[in-house]
Amino acid sequence: MEDKLINIAQGKQRHEMHASEAVFEQEMDKVFGRCWLFLTHESLIPNFGDYVVTRMGTDEVIVSRQRDGSIKAFLNTCRHRGAQLCPNEAGNARGFVCAYHGWAYGSNGDLQSVPFDEQLYDGLLDKCKNSLHEVAKIDSFYGFIYGCFDQDAPSLPDYLGDVKWYLEPYMDLSGGVELIGPPGRCLIAANWKTPSENFVGDAYHVGWTHSSALRSGGSIFSPLAGNSVLPPEGAGLQITSKHGSGLGVLWDAYAGVHDGELANELMAFGLAKEQRLIKEIGAERARIYRSHLNGTIFPNNSFLTCSGIFKAWQPRSANSTEVFSWVMVEKDMPSDLKEAFTKSVHRTFGVAGYWESDDNDNMESETYMAKGHQAKKKMLNSQMGISGDRIDSDLPGVVGKSAIGETSYRGYYRFYGDLMGSDSWAEVSAKGDNWQDQLIKATV
Amino acid sequence: MSEKTVKTKEPLVTKRAQDLQALFVQPASEETYHAVEKFLYKEARLLDSKMFRTWLQDVVSEDVRYIVTSTELRANNERRYDLPDQVYLFDDDYRQLSIRVEHDLDPQNWRSSPQEVYCRFVTNIEVFETDDPQEFTVRSNCLLIRSRRSYQTDQFFCTRVDVLRQDAGPSGFKLKSRTIDYPERCVSGHNMLVYL
Ligand code: FES
Ligand SMILES: [Fe+2]
């Protein structure tokens with residue numbers, strides 16, 4: 001058995017990572033305890049007192065809009081005996097009262113009142129020392145709010161690194177996007193990394209896994225059904241970044257997975273905006289706006305721009321993941337188009353999404369097979385396009401040889417391996433100093 | 001946070017359930033009741049047998065609207081947070097249901113081979129008249145158990161509110177609309193690629 005979980009030099013990973021509870025426990029510490037994790041979008045908590053309850057790894061957190069417009073997040077755990085503080089998914093509240101004994105906290109996390117405080121605690125309860133446990137760092141990019149438990153983590157812009165340049169045209173320069181909630185939620189019997197790695201860079205599976213969805217649905221990707229053609233050379237890009245986030249680009253594929261009249265309307269909307277953006281931001285980035293991006297913000301936050309799919313794969317255990325599915329949509333889309341789009345996103349990639357179910361089947365089987373005593377010791381292969389990865393002066397990140405490749409798998413697991421093998425962010429950063437070389441020099 | 005809140009309004013979800021009662025007023029005749037019962041059992045049989053194309057043809061009306069929502073969990077006394085609390089897991093017309101059916105039956109739908117097996121239990125059937133003598137509101141509960149591969153059994157359960165229209169075809173009625181607010185917020189059954 002190869003000794004390492006992750007073999008960067010050859011683009012391989014030990015299958016055990018998809019089912020081992022021991023690996024999972026370590027991940028909660030070294031991955032979810034350290035990385036920037038998606039929390040919510042500003043459009044879902046616009047006003048003072050608005051909150052959502054979401055997950056960071058196996059922890060529940062309350063994310064709450066403060067009086068000054070800033071955002072804080074806290075463990076959803078009462079400081080007294082540890083009961084769940086807020087059982088709701090979203091709302092507006094001036095504070096949170098625990099159902100067990102009635103300790104009451106403000107939306108800023110301060111412990112404000114304790115029933116019969118004076119009679120029962122003889123002045124020995126210091127409320128200032130019993131505020132809710134606060135998430136160390138909160139920041140946002142283009143309205144997407146992320147939190148991080150580790151004070152030593154790099155800033156969110158640094159953490160996102162090279163993928164920002166690709167996301168900016170659609171998420172920001174377009175006039176901005178919003179998330180439409182509430183999310184669909186379901187539980188799949190898959191390790192959280194299996195969907196994360198698929199979204200980060202698997203254009204390879206589309207024609208085969210989704211053969212039936214492509215044939216029945218009639219999207220712009222339909223010619224790929226049954227692997228009857230390979231997208232032509234130059235159809236897109238694949239890139240990865242220092243901290244594992246990565247994405248694929250399919251040029252000009254704005255209507256994405258949508259079908260019928262909706263696809264035509266979307267194409268027209270995207271084209272018209274691209275024409276306008278060419279004047280404002282130049283042809284190159286305007287084209288990225290209208291191109292279909294699949295990606296994952298490391299570790300567990302995936303998206304398909306243009307198709308409008310936005311996901312958090314929340315780990316429950318090594319073999320169980322809760323899927324949260326939102327709709328991501330350009331703010332200035334006309335409201336009737338937005339509504340049809342929203343429903344089509346859930347129809348394709350929601351809880352009852354017929355594309356999504358094709359994918360989940362693979363993710364569940366990768367996880368199921370990883371429990372095999374012999375199978376788990378074997379190495380998985382992400383070598384497509386290895387030795388073809390390069391630096392490109394016009395394109396940020398490490399860029400793969402073609403749109404169909406596994407460059408962003410390799411980048412994702414390179415960083416994952418660094419995290420799992422390090423005791424601090426300083427060590428992680430040192431290991432990643434020559435991250436580009438590590439990927440470019442990788443070979444079979 | 002010492003202020004005591006006094007509940008003055010029903011929570012939104014309670015209000016929705018109560019508003020629905022307006023549809024359940026005038027029970028239909030015994031004869032209609034039995035015809036509807038037969039229709040629902042036939043539908044369950046076709047779906048359990050994966051005869052999806054026959055289901056579309058004989059049971060589903062071409063102007064159908066098939067809706068399954070999932071409702072976000074909010075506090076009973078929530079007043080100020082007014083973003084939508086429902087997500088449409090399904091909001092399909094006939095064409096969209098046909099896409100799902102063809103997706104499932106496609107020879108390259110890998111997840112459908114070997115086949116999943118279904119068993120539906122339809123109960124608590126109530127049939128009510130509407131303003132239109134040809135149409136009836138039908139409330140029923142459905143428990144669907146799905147067995148998949150050798151290691152997976154899933155349960156789906158819900159209350160369905162249907163509008164059926166009398167029809168000269170082989171089933172006696174056609175399904176004009178089905179509306180389900182799915183009770184389980186986080187769907188434990190992997191996906192909802194089933195017709196409830
Ligand atoms: S556990 Fe929350 S008040 Fe006691
Ligand atoms: Fe997929």
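## A covered helix in chain A

The buried residues of helix 5 of chain A are Lys193(A), Thr194(A), Pro195(A), Ser196(A), Glu197(A), Asn198(A), Phe199(A), Val200(A) and Gly201(A). Helix 5 spans residues 193-201 and is mostly covered, with nine of its nine residues buried. Buried means under 20% relative accessible area, exposed over 50%, and partly exposed in between, for a 1.4 Å probe and protein chains only. Helices (H or I, at least four residues) and strands (E, at least two) are DSSP runs, numbered from the N terminus.

This is a predicted model, in which local features need pLDDT of at least 70, side-chain atom pairs count only at pLDDT 80 or more, and totals for chains, interfaces and linings use all residues. Residues are numbered from 1 along each chain as its sequence is written, chains are lettered from A and ligands numbered from 1 in the order in which they are written, and side-chain values use heavy atoms, with hydrogens and water left out.

His205(A) and His210(A) are both buried.

## Helix packing

Helix 10 (residues 335-349) and helix 11 (residues 354-369) of chain A pack at an angle of about 30°, and their axes are 3 Å apart. This makes helix 10 of chain A roughly parallel to helix 11 of chain A. The contact is made by Arg347(A), Thr348(A) and Phe349(A) of helix 10 and by Tyr354(A), Trp355(A), Glu356(A) and Asp359(A) of helix 11 of chain A. By class, this contact of helix 10 with helix 11 of chain A has three nonpolar, one polar and three charged residues. Axes are lines fitted to C-alpha atoms, for helices over the stretch in contact, and angles run from 0 to 180 degrees between N-to-C directions. Angles under 35 degrees count as roughly parallel, over 145 as roughly antiparallel, 65 to 115 as roughly perpendicular and the rest as oblique. Contact means heavy atoms within 4.5 Å. Ala, Val, Leu, Ile, Met, Phe, Trp, Tyr, Cys and Pro count as nonpolar, Asp, Glu, Lys and Arg as charged, and the others, Gly among them, as polar.

Helix 11 of chain A also has a partner in chain B: its axis and that of helix 4 (residues 94-105) of chain B come within 10 Å and cross at roughly 25°. Helix 11 of chain A is thus roughly parallel to helix 4 of chain B. Here Tyr354(A), Ser357(A) and Asp358(A) meet Ile99(B), Arg100(B) and His103(B). The contact of helix 11 of chain A with helix 4 of chain B has two nonpolar, two polar and two charged residues.

## Chain B

Chain B has four helices and six strands, which run α-α-α-β-β-α-β-β-β-β from the N terminus on. Of its 196 residues, 49% are buried. Its C-alpha atoms fill a box of roughly 60 × 45 × 25 Å along the principal axes.

Val36(B) lies in helix 2 (residues 30-48) of chain B and counts as buried because its relative accessibility is 0%. Apart from neighbours within four places in sequence, Val36(B) is in contact with Val127(B), Val138(B), Leu164(B) and Phe173(B).

## Backbone details

Most residues other than glycine have a negative phi, and most peptide bonds are trans. A cis peptide bond joins Phe298(A) and Pro299(A), with omega about 5°. Another cis peptide bond joins Ser113(B) and Pro114(B), with omega about -5°.

Phe116(A), which is not a glycine, has a positive phi of about 55°; Phe116(A) is exposed, with a relative accessible area of 58%. Cys306(A) has a positive phi near 65° and is buried, with a relative accessible area of 2%.
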